[in-house]
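Please open the structure in your viewer and keep the selection tool at hand. The stops below are meant to be taken in order.

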Amino acid sequence: MTRTRSILRKLKWFFLCLVVLVIAGITYEQISEHVTRNKYQPPGRQIDVGGYKLHMVEEGKSAGLPTVVLESGLGVPNPSEDWSKVRSRLAQVTKVISYDRAGYGWSDQADSERTASASAQDLHKLLQASGNPGPYVLVAHSYGGFIAQMFASLYPEDTAGLVMIDSSQVGQQLSFSEGQLLLMQASRITGVSRLAGTLGLVPMPDQDKVSKDLFYQMAFNRNHTSELRNMMTKSKDQVQTVESQGFGSLPLAVLAVPNEYADWLDMQKKMSGLSTNSTYHVVQNSTHFVQKDQLDLVVDTALNMLKEIGTN
């Protein structure tokens with residue numbers, strides 16, 4: 001009996017300490033978010049797309065060529081910074097737009113479910129409401145490739161071309177259980193993600209202070225979590241339907257990076273077959289973030305497409 005009481009007493013203190021740590025973590029996260037929430041001014045405009053605002057950055061003038069729209073991958077906290085060098089280079093020949101999807105960067109969160117189709121519709125509303133008519137060349141990275149394909153399918157008259165940078169694939173094996181998503185959300189709410197990043201226990205792909213602060217505030221919020229939940233379910237099904245129809249002769253450029261998945265390059269090459277007017281390039285000596293590691297390649301690929309469109 002005495003031993004049982006001792007164990008129960010230890011368990012009681014353990015759970016009490018655990019509750020105190022959770023409360024302390026939540027308080028730490030809330031204070032940190034409050035301190036950094038208004039610390040940085042948005043570099044672009046915030047446009048209402050129907051009950052919430054999306055943030056966009058514009059650079060350059062169209063000069064008779066299609067506007068280039070840059071679409072970031074999943075979980076990129078600061079798309080403005082993600083595309084800054086590509087945007088400034090392409091802005092020398094045409095207008096270029098980067099933006100933050102709902103729940104990212106300086107954009108509001110949306111109440112609706114986040115699928116590739118929903119994000120593509122958001123993007124179209126943003127472009128129209130901001131006074132930027134088509135046509136557009138969409139340069140899309142990773143999961144942004146899903147959104148770009150949906151955009152091209154929903155708004156073919158506004159789509160002049162697609163540049164796919166190591167795009168996500170409907171055949172890739174990637175999924176997140178509800179338990180994993182719940183754990184991700186809990187790590188953010190309790191400040192564990194921020195603390196781990198601050199202590200250097202978790203490597204951050206973006207090293208600048210603004211991107212780090214934005215990441216800690218947006219990571220695994222309801223919009224980001226919804227994208228993760230739907231990526232290889234509803235979004236995959238949407239894109240699979242689009243791919244079954246193809247893109248006819250729409251200019252399409254596919255840049256693919258070899259990785260640990262044996263069939264990754266095969267899937268990327270198959271994507272290039274969605275159009276009769278396509279190019280396919282295997283990118284060597286690069287991480288998944290080709291726009292950072294192989295800046296000239298990304299810029300030249302987009303410029304070549306703009307040149308082709310301009311001469312037709």
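What follows is a tour that goes from a pair of helices to a core, and then to several single residues.

This is a predicted model, in which local features need pLDDT of at least 70 and side-chain atom pairs count only at pLDDT 80 or more, while totals for chains, interfaces and linings use all residues. Residues are numbered from 1 along each chain as its sequence is written, and side-chain values use heavy atoms, with hydrogens and water left out.

**Helices α4 and α5**

Select residues 116–129, which form helix α4, together with residues 144–154, which form helix α5; their axes come within 8 Å and cross at roughly 65°. Helices here are DSSP runs of H or I with at least four residues, strands are runs of E with at least two, and both are numbered from the N terminus. The axes are lines fitted to C-alpha atoms, for helices over the stretch in contact, and the angles run from 0 to 180 degrees between N-to-C directions.

Now show the side chains where the two helices meet: A116, S117, S119, A120, Q121, L123, H124 and L127 of α4 make the contact with F146, I147, M150, F151 and L154 of α5, contact meaning heavy atoms within 4.5 Å. By class, this contact has nine nonpolar, four polar and no charged residues, where Ala, Val, Leu, Ile, Met, Phe, Trp, Tyr, Cys and Pro count as nonpolar, Asp, Glu, Lys and Arg as charged, and the others, Gly among them, as polar.

**Helices α5 and α9**

F146, Q149, M150 and S153 in α5 meet residues of α9, among them M231, M232, S235 and V239.

**The largest nonpolar core**

Next select L123, L126, L138, F146, F151 and L162, which touch the most other members of the largest nonpolar core, a set of 39 residues. Such a core consists of buried Ala, Val, Leu, Ile, Met, Phe, Trp, Tyr and Cys residues joined through side-chain atoms within 4.5 Å; buried means under 20% relative accessible area, exposed over 50%, and partly exposed in between, with a 1.4 Å probe and protein chains only. The largest share of this core, six residues, comes from α5.

Centre the view on L162, which, leaving aside its neighbours within four places in sequence, is in contact with residues including L138, A148, A152, F247 and M305.

Not counting residues up to four places away in sequence, N230 touches E113, R114, T115, S235 and K236.

Then move to D111, found in the loop between β4 and α4, which counts as exposed at 73% relative accessibility. D111 and N223 are 112 residues apart in sequence and 8.0 Å apart in space, C-alpha to C-alpha.

**Helix α8**

Finally select residues 209–218, helix α8, where seven of the ten residues are buried, so that α8 is largely enclosed by the rest of the structure. Just after α8, look at F220, which takes a positive phi of about 60°.
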